[in-house]
Amino acid sequence: MKRTATAHWNGTLKDGSGHLTTQSTTLNQTQYSFKTRFESGVGTNPEELLAAAHAGCFTMAVGAALTQQGFQPGDLDTAAVLDLDMANLAVTGIHLEIKATAIDGVSEDQFKAVAEDAKKNCIISKALSVPFTLNVIYGV
């Protein structure tokens, strides 16, 4: 399975702008710029999208694990806060906070164990430490 997204950028870092489009077109030429990334502007940014991807993946992993153990998950809500070190331009961490309705037959300790496992093993958690490749096409 492959999932794709495209990015377009034109101009300098501070004055340029671009747009992002995903395969599903949920993002369809969605605007991003210096202001949306490092200040406050209308649009999105890569770090926000990474936090959203991690929150979504983690929450689904918790739900899947509970289902596999024979439980019926209720509402699961996760906030993901990505820390960006502006001095070094590096993501230094992502903090996940999940809130869940009580689930029949699941103790707090059991739920915490499921959440800890999902934190380590959801696809996006694993992806944050995998190698990646690059192909460059220049002068077109």
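Salt bridges, then: the count comes to 3, a salt bridge being a side-chain nitrogen of Lys or Arg within 4 Å of a carboxyl oxygen of Asp or Glu. Before I go through them, note that this is a predicted model, where local features need pLDDT of at least 70, side-chain atom pairs count only at pLDDT 80 or more, and totals for chains, interfaces and linings use all residues. Residues are numbered from 1 along each chain as its sequence is written, and side-chain values use heavy atoms, with hydrogens and water left out.

Arg37 and Glu47 form a salt bridge through their side chains, at 2.5 Å from N to O. This pair links distant parts of the chain, with Arg37 in helix H1 (residues 34-38) and Glu47 in helix H2 (residues 46-68), 10 residues apart. Helices here are DSSP runs of H or I with at least four residues, strands are runs of E with at least two, and both are numbered from the N terminus. Glu47 counts as buried because its relative accessibility is 12%. Arg37, at 34%, is partly exposed.

The next salt bridge joins the side chains of Glu108 and Lys112, at 3.3 Å from N to O. Both residues sit in helix H3 (residues 108-121), and because they are 4 residues apart, about one helical turn separates them. Glu108 is exposed, with a relative accessible area of 58%, while Lys112 is partly exposed at 47%.

Helix H3 also holds Glu116 and Lys119. Their closest N and O atoms are 3.2 Å apart, in a salt bridge. The spacing is 3 residues, so again about one helical turn lies between them. Glu116 is partly exposed, at 42% relative accessible area, and Lys119 is partly exposed at 40%.

Now the aromatic rings. How many aromatic pairs does the structure hold? There are 2 aromatic pairs. Rings of Phe, Tyr and Trp (for Trp, the six-membered ring) pair if their centres lie within 6.5 Å; planes under 30 degrees apart count as stacked, over 60 as edge-to-face, and the rest as tilted. Trp9 and Tyr32 make a tilted pair, with 5.2 Å from centre to centre and 55 degrees between the planes. Trp9 belongs to strand E1 (residues 5-10) and Tyr32 to strand E3, so the pair ties together parts that are 23 residues apart in sequence. Tyr32 is buried, with a relative accessible area of 12%, whereas Trp9 is partly exposed at 30%.

Phe34 and Phe38 also pair: their ring centres are 5.1 Å apart and their planes stand at 50 degrees, so this pair is tilted. These two residues are 4 apart in helix H1, which means that about one helical turn separates them. Phe34 counts as buried at 13% relative accessibility, and Phe38 as partly exposed at 24%.

Staying with strand E3, which covers residues 30-33, Ser33 lies within it. At 11% relative accessibility, Ser33 counts as buried. Which residues does Ser33 contact, leaving aside its neighbours within four places in sequence? They are Trp9, Gly16 and Ser17, where contact means heavy atoms within 4.5 Å.

On to the interior. A nonpolar core is a set of buried Ala, Val, Leu, Ile, Met, Phe, Trp, Tyr and Cys residues joined through side-chain atoms within 4.5 Å. The largest such core has 15 residues, and those touching the most other members are Phe58, Val62, Leu66, Ile103, Val106 and Phe111. Helices H2 and H3 each supply at least two residues of this core. H2 gives the most, with 5 residues. Take Phe111: with neighbours within four places in sequence left aside, its contacts are Val62, Leu66, Leu76, Ile98, Ala100, Ile103 and Val106.

Last, the position of Tyr138. This residue is found in the segment after helix H4 (123-127). At 80% relative accessibility, Tyr138 counts as exposed.

Terms used: Buried means under 20% relative accessible area, exposed over 50%, partly exposed in between (1.4 Å probe, protein chains only).
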